[in-house]
Amino acid sequence: MVDEKTLRDAVKKTVGRKDVKYVVGYDKGTTGFQAAPTFAYEEKDAEKFVFNPTCVNNLAVYPMLEDKPPLRKGEEPDTRKIGIVLKGCDSRAIVQIIQEKGLKREDVVIIGIPCTGVIDPKKLKVKFPGQHKSVEVKYDNDKFAVTVDGKTQKFSKDELMPEKCKECEYPTPIIHDILIGKEIKGVKKPDYKEIEGFEKKSLDDKWKNWEKEFDKCIRCYACRQACPMCYCKECMVEILDPQWVRRSVNLSENTAWNLLRAFHLAGRCISCGECERSCPMDIPLMKLNKKITKDIHEMFDYKAGVDAEAKPLLAMFKPDDPEEFIL
Amino acid sequence: MKEKFEPNIIGFLCNWCSYAGADLAGTSRIQYPPNLKVIRVMCSGRVNPIFVINALQQGADGVLIGGCHPGDCHYERGNYLARRRMAVLKNLLEYTGIDSNRVRMTWVSAAEGHKFAEVVKEVTEDIRKLGPMQHFRRENKW
Amino acid sequence: MSGYILSKDNLPKFITEIMGKNKVFAPVEVNDETYFKEIKNPKDINMKYDNSKLPPKSLLFCQTETLFKFTPGTKVKIQPPDINNSKKAIFGIRPCDAKSFFIIDPVFKEDFEDPFYVTRRDNMLLVGLSCTNPYPNCFCTSFNDSPASSKHVDILLTDIGEKYFVEVNSEKGKKIVKSSLFKPATKADETKKKEVEKKAVNSITRFQKIDKIDEKLDKIFENHFWKEIADKCLRCGTCTYLCPTCHCFDIQDESTMIEGGRVRIWDTCMIPEYTLQASGYNPRPTRANRVRNRVYHKYNYYPKNLDVIACVGCGRCIEGCPVNIDIIDVVTRAGEVKP
Amino acid sequence: MSENPYQPNLATIENIKEEVGGERAIKTFRLKFQDKNLQNNFMFQPGQCAMVSLLGKGECMFAISSSPTKKGYIEVSVMRHGKVTKALHEAEVGDVVGVRGPYGNNFDMKGWKGKNIVFIGGGIGQAPLRCLIDYVLDNKKDYGKLDVIYGARTTEDISFKDEFAELEKRKDVSVHLSIDVKEDGWKKFVGFVPDNLLKVKPSPKNTIAVTCGPPIMIKFVIQNLEKLGFNDDQIFTTLEMRMKCGIGKCGRCNIGNLYVCKDGPVFSYRELKKLQGER
């Protein structure tokens, strides 16, 4: 349970600091089963902050998304810190960005939330189709209490949680400046059964599955934008000369995009699931990411976003890395 | 009429070892299949996966990446980095249903003309068995 | 207006009749979501769909379209594309999606006529299906439209229990109802349709305040409000890809050494590359600029140029937005901002 | 069925003139349509633009920099910046490009008859003005006193050098060149174009001011013109935006509710003031 008053006080305190630009957190949202990111510029803005099981967004995306329009003459760049409300999984993104030197630790003030799992809005939408006047989701011990139009129903967490929460290793943010509530020890382990099952399929079956998925892609690049790790100034697909991936939407280019996106997150993906959640076409992108996460764990004993001092996976090596495939 | 399938293989060979090895194979008149089309790169570490995917898109049936033996890299660690990269990429391709044997990697030194020819033979035969790469080739139809 | 009746048993026959003359696209359910796809069998149609995942605009304005083919290099040649003028029909289009075609029509028809869009549009038959169970984020009534309006389709079917009430709105539609499958409707049927329509209208819970919105927006162009709204935007562009009235596109040349084509692809105004000039200057450098431009394009520029708000209230952008930028909320609040 | 408005007509590069070398290279391309009829019937007005494309590379909108009074060809002046312009700079005489147009509105040449004109250009912004200056000189009797104010970053970057030299020789035109940073041997004005404008101090009486250049320059030029007493209807500018279709469909070049490709590129300051939008 996260006490919202403690959270608001922490936000108030943080945003009140002179060296903090703003604090990003969650507010109620206007529709459906989803909280929305919100920004506090002044202390009074902290009143709208909430934390409940609908807070699924990974807010670690915002520090890298800041607009930096060209400065006018004599203007100084704003170097104040950014405050972020982070769950355990989200904090790994910041760790990873710090590891890659995209941010410095002192650029952010992290208000950490020990998280006991969030809901998957898609699963709730299936359970409660149609129109609702009011929607509220709360933690109720080891259950979620969902109140729709005044009627409360309780669900077991496994029923509503996304896959990532079922195997969450880091419920408490790895780095934080303020922690709301008590630390929770991570006891769950990643579960690669589904991936292993898929690996065993024949090549043809695998391709048929992915062909169908990639064919759906409309190449809006929402997966890239929602990803806290995709912060390149110029994405490889937007380079015109040479143009590696054409802009037209067909199976060939879609496959190239999706494979390259997954590859570029090798050793960097922190499994927050934002890409899959924001995909308007519901392509199971996490299946690709998870496969790579599993591989690099097995091959290189590496985990992304855990240690800010570690070297990036693909920028280092060990002499005894696996090489049975080399001729 | 069924013509024998001749695979199209793109080779990214490192300037210091594999390319020199290929050169040696040529000058020593060692026979190897003509299916390999060589692109010289300064180091196997230069090979971005985007090159591999793009080659497969543009009509290659397979890709061969050649680098120096571990420890011999002209830039000290480029081939080690390439090895990691390709290990991840090959697994990813296999997972999406593309035979990982289409992307091969080899260590060939400047003195190993014979090894180079052997590798090209093996790769060509393997890919011949796999048949044309049709999964996500560009259609180029407008 | 007199209506007709089509019994539910006769529906497959009616669809087969259309399929005889047209390629028919209809809502088909795939993994719990509905898409407009070409159908081979009337049974494939999902007659009770909520809202299709993507709007049917891609059937008129394709996501990828070849404008012409060419031979690059020294022997340059240009070859016009084949414009397909086969007869097509969209069966089961919602009135709101049909309205979106009327909104983007002038863009492609006026001044320089776009042959790709216009040919498809002229050969397209629209068989509408009233929306009896609006989606949580639907707000078509805000634009004085009804989920069972026949204004923008050729014929409209409304489910009134064991049969469909059929309204005709065009010459094309008149030809269709000449078929023996259609019987004249009684007064009772018409009343029933009105009841169904009223029920649907009443079940819409969300409203956007749009009176004089174009004038109000004129006054708050420089307001801080737009930065507040855009702070959380990821500039992912999902809103524009899912929007039935967004019509912006990019043109790129794609070619091999021997042949190529100039291709038009959907584009999104939410990315900086959209307006980035080669010199590096970008007139819309921030997300606030771009979000504002999207809202203004629909609620200010469109009314100024073409006298219609370029939003049909389908709610797809609200559903699709990963950070809950809610166009209903944004526009309603914009109307209340003090200049 | 209607014609395909996206399909260009083929034209041959007849001549390439290197205006500026170095990093911000500028070249002027003389283009002639392959179809003779088309060439003879290609009518345009000063201020209008054309879409020039290298097939396989892409398409760009350029202001036509030759005057409609020069028949038999059109010219575009191009600064090397992006993918297409880079490829254009590598093109040779005899290469074939695609051209479609003319697009956009134009300067009101008839309405300006009998008036003095001040041309204020900066960098590659001289291209549309070059067309206008040429046109006015070819119809000199219709117009009054002419002032040409032009600035570039360095002496190297001054485009149309020999044409300026020609102009300077003429008695009926006064030319005021400037460079941004001091250089040895430069005896004319050093400083930005808007400052040069204040120094030249053209009288607003019965005068039209036309300006084109980088957005920031246009902004300050207009401010200074106002200081000099020019009113909103006397100030004209031609703008640019990233463009793709050129015919008001692709949506990206809007300033407020107007599209620069279709409703522009020429705007009077009065129109601009009314327009809310990013530029």
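How far apart are the centres of domain 1 of chain A and domain 2 of chain A, taken over C-alpha atoms?

Reply: Taken over C-alpha atoms, the centres of domain 1 of chain A and domain 2 of chain A are separated by 24 Å. This is a predicted model, in which local features need pLDDT of at least 70 and side-chain atom pairs count only at pLDDT 80 or more, while totals for chains, interfaces and linings use all residues. Residues are numbered from 1 along each chain as its sequence is written, and chains are lettered from A and ligands numbered from 1 in the order in which they are written.

Domain 1 of chain A covers 4-68 + 78-179, and domain 2 covers 193-315; such bounds come from an automatic or database domain assignment. Where the two domains meet, 18 residues of domain 1 of chain A and 17 residues of domain 2 of chain A take part in the contact. Two residues are in contact if their C-beta atoms, placed from the backbone, lie within 7 Å. On the domain 1 side, helix H3 (residues 88-99) of chain A gives the most, with eight residues. That side of domain 1 of chain A divides into 10 nonpolar, four polar and four charged residues. Here Ala, Val, Leu, Ile, Met, Phe, Trp, Tyr, Cys and Pro count as nonpolar, Asp, Glu, Lys and Arg as charged, and the others, Gly among them, as polar.

Now the chain as a whole. Chain A has 12 helices and eight strands; helices (H or I, at least four residues) and strands (E, at least two) are DSSP runs, numbered from the N terminus. A compact globule of 327 residues would have a radius of gyration near 20 Å, and the 21 Å of chain A agrees with this. The radius is taken over C-alpha atoms, and the globule rule is 2.2 Å times the number of residues to the power 0.38. The C-alpha trace of chain A spans about 60 × 55 × 40 Å along its principal axes. Of its 327 residues, 46% count as buried. A residue is buried if 20 or more other C-beta atoms lie within 10 Å of its own, exposed if 12 or fewer, and partly exposed in between, with C-beta atoms placed from the backbone. Among the contacts in chain A with a separation of 6 or more, 69% are between residues 24 or more positions apart.

Chain A also holds an open sheet of five strands, in the order E2-E1-E3-E4-E8, with mixed pairing. Two strands pair if DSSP finds at least two bridges between them. Strands of a sheet pair through backbone hydrogen bonds, either parallel or antiparallel. At the edges are strand E2 (36-40) and strand E8 (178-179) of chain A, each of which pairs on one side only. Strand E1 (residues 20-27) and strand E3 (residues 81-87) of chain A are joined by four bridges in the parallel sense. Within this pair, Tyr22(A) stands opposite Ile82(A) in E3(A).

H3(A), which gives the most residues to the domain 1 side of the contact, lies across E3 and E4 of chain A at about 140° to E3(A). Axes are lines fitted to C-alpha atoms, for helices over the stretch in contact, and angles run from 0 to 180 degrees between N-to-C directions.

Chain A also meets chain C: 34 residues of chain A are in contact with 33 residues of chain C. The elements that give two or more residues to the chain C side are helix H8 (238-242), strand E11 (249-255), strand E12 (260-266) and helix H10 (316-320) of chain C. The residues of this side of chain C divide into 11 nonpolar, 12 polar and 10 charged.

Chain C in turn meets chain D, with 42 residues of chain C in contact with 35 residues of chain D. On the chain D side, the elements that give two or more residues are strand E4 (58-63) and strand E6 (96-103) of chain D. This side of chain D divides into 11 nonpolar, 15 polar and nine charged residues.
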